[in-house]
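I opened the notebook to record a few look-ups. The notes below follow the order in which I checked things.

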Amino acid sequence: MTTTAPPAPTADARALGLAHYAARGVLERVLARHGTTFQQQIALRAAVTADAPHTPEDLVTQVRGSLKADPADIRATFDELLAKQLLVADGAHLRPTDAGRELIAAIGAETAPITVRIWGGIPAEDLAAAGRVLALVAERANAELAAPVA
């Protein structure tokens, strides 16, 4: 008896969304243990990984480019990080505190083995193809967001 393998799933918006939310759910479980939200982690990471301290507006622009979130919500997130003393105002700039850097490092250390379990064993050529497709989808979606609303 010959059995045929089921067809490979086609990449589409639903598949992308399901993968995103599954991975985000894993990350949010880690973040919850650290008392941090997804948006706080993205905002703090932007400050921690910056080559030099940025103004709040520069950081809002950077985070908005990643999350497509409302600038007012992002500013509120930076206020939360300031209140938690994970960021500090330094003149016109925001910079991460030692506690902020330690939190990002702890989250990275905790997610590293999970990342290996999720991504490990996927052939490099599949990752390269997926990377090309995802980059193109992001480019096209960003163009849609930049276009005037009809």
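Where is the place of D79? I found D79 in helix α4. I am working from a predicted model.

**Helix α4**

I looked up the exposure of D79 next. Its relative accessible area is 52%, so I noted D79 as exposed, the cut-off being over 50%. I also checked D79 against A19. The two are 60 residues apart in sequence, and their C-alpha atoms lie 31 Å apart in space.

T77 is found in α4, which covers residues 71-83. The side chain of T77 makes a polar contact with the side chain of Q39, at 3.0 Å. Leaving out residues up to four places away in sequence, T77 touches Q39, Q40 and A43.

I turned to two loop residues. K68 sits in the loop between α3 and α4. Its phi is near 60 degrees, a positive value in a residue other than glycine. K68 is partly exposed, at 41% relative accessibility.

Q85 belongs to the loop between α4 and β1. I read a positive phi of about 60 degrees for Q85, which is not a glycine either. At 59% relative accessibility, Q85 is exposed.

**The hairpin**

How many bridges join strand β1 to β2? I counted four, and the strands run antiparallel. Strand β1 spans residues 87-90, and β2 spans residues 93-96. D90 stands opposite H93 in β2. The hairpin has two residues between the strands, and G91 takes a positive phi near 65 degrees there.

L94 and P96 make up the covered face. H93 and R95 make up the uncovered one. I kept the general rule beside this entry: side chains in a regular strand alternate between the two faces of the sheet.

**The largest pocket**

What volume does the largest pocket have? I noted about 1,600 Å³. Of the 36 residues lining the largest pocket, L16, A19, H20, A23 and L134 are the closest to its centre. The elements giving two or more residues to this lining are α1 (13-33), α2 (38-48), α3 (56-67), α5 (98-119) and α6 (124-146). I sorted the lining by residue class last. The lining of the largest pocket has 24 nonpolar, eight polar and four charged residues.

Notes: Residues are numbered from 1 along each chain as its sequence is written. This is a predicted model: local features need pLDDT of at least 70, side-chain atom pairs count only at pLDDT 80 or more; totals for chains, interfaces and linings use all residues. Side-chain values use heavy atoms; hydrogens and water are left out. A polar contact is a pair of N or O atoms within 3.5 Å; within protein, one must be able to donate a hydrogen and the other to accept it, and residues adjacent in sequence count only if both atoms are side-chain atoms. Contact means heavy atoms within 4.5 Å. Buried means under 20% relative accessible area, exposed over 50%, partly exposed in between (1.4 Å probe, protein chains only). Two strands pair if DSSP finds at least two bridges between them. On a 1 Å grid over the protein atoms alone, a cavity is a set of points where a 1.4 Å probe fits but cannot get out, and a pocket is an open set with protein on both sides within 12 Å along at least five of seven lines; lining residues have an atom within 4 Å of a point. Grid points are joined across faces, edges and corners, and a volume is the space filled by probe spheres set on the points. Ala, Val, Leu, Ile, Met, Phe, Trp, Tyr, Cys and Pro count as nonpolar, Asp, Glu, Lys and Arg as charged, and the others, Gly among them, as polar.
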